[in-house]
Amino acid sequence: MNLGDPDFVDVTNVVSDMLSPKFAQDLKKKINDKKTFDPKYYGGKWNQIKDHGTSHLSIIDHERNCVSMTCTINAYFGALILSPSTGIVLNNEMDDFSIPLKSFNDSDVPPPAPANFIRPGKRPLSSMTPTIVLKDGKVKAAVGASGGMYIIAGTTEVFLNRFFRNMDPLSSVVAPRIYHQLIPNRVLYENWTTAYNDHFEIPKETRRVLEKKGHVLTPFAGGTISQFIVQESDGKLVAVSDPRKGGFPSGY
């Protein structure tokens, strides 16, 4: 929430930190394997935007041209306005701005982020995280997700499952997910059966370990819908469309 439209906000230092191995190491030192801490310990300062209404697609062609694209109308039927000339539903992206408050007295809820306040011509902050993975300059994967404020966590989990836990592409997507937005200070864990009768649930053993570390756990029916394509070592493409929404990949 320190980010904002770079035409209006100086995000040089924030982006530099995001890309800095040293900054990552400093963050790593704050991870304690035995307990968790108050959000302020991790740098929590501003209130999160509850964005939603996205869709995502990932494409890799036979020449290994790659597209990872997330788009949004930001709510069910966007702004509830249909263009009479094009038939396009107009988005409600204004909802992704932070709104200044006249008074703020709730000590448990952080204030809205000034970097994302509304200004004429300014772009609002978004959680959209379309990702292309390269190794030695060549495409290894395309991944992204829909799911509003949970997109960053969901996309990251699929990526880590594949490239750090060495899970196959399908298992990387199907693995149950955990979401923690820092504020409120609770862990949302998948425990739900979809409309397609697929069940996703974090194992009890994992939940017990998290609870012993002081996390407050809340079951969650929903989250992100991921689209993932991987180029295997033999050059073959493997595509996975998240079964949470009844998706299936297409190849030509």
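**Terms first.** I call a residue buried when its relative accessible area is under 20%, exposed when over 50%, and partly exposed in between, using a 1.4 Å probe and protein chains only. I keep in mind that this is a predicted model, where local features need pLDDT of at least 70, side-chain atom pairs count only at pLDDT 80 or more, and totals for chains, interfaces and linings use all residues. Residues are numbered from 1 along each chain as its sequence is written, and side-chain values use heavy atoms, leaving out hydrogens and water.

**Entry 1: salt bridges.** I looked for salt bridges (a side-chain nitrogen of Lys or Arg within 4 Å of a carboxyl oxygen of Asp or Glu). The structure has seven of them.

**Entry 2: arginine 123.** What does arginine 123 pair with? I found a salt bridge to aspartate 5, with the closest N and O atoms 3.1 Å apart. This pair links distant parts of the chain, 118 residues apart. Arginine 123 lies in the loop between strands S2 (66-72) and S3 (131-135), while aspartate 5 comes in the segment before helix H1 (12-18). For my helices (H or I, at least four residues) and strands (E, at least two) I use DSSP runs, numbered from the N terminus.

**Entry 3: arginine 244.** Next I looked up arginine 244, which is buried at 4% relative accessibility. Its side chain meets that of glutamate 190 in a salt bridge of 2.8 Å, N to O. Here too the partners sit in distant parts of the chain: glutamate 190 in strand S6 (residues 187-193) and arginine 244 in the segment after strand S10 (237-241), 54 residues apart. Glutamate 190 is buried, at 0%. Arginine 244 also forms a salt bridge with aspartate 242, at 2.9 Å between the closest N and O atoms. Aspartate 242 is buried as well, with a value of 0%. Shared partners join Arg177, Glu190, Asp242 and Arg244 into one network.

**Entry 4: helix H3.** Which residues of H3 are buried? I listed Ile151, Gly154, Thr155, Glu157, Val158, Asn161 and Arg162. They cover an arc of only 160° around the axis, so they are on the same side of H3. I took the arc from the directions from the helix axis to the C-beta atoms. A handy reminder for me: an α-helix has 3.6 residues a turn, so residues three or four places apart point the same way.
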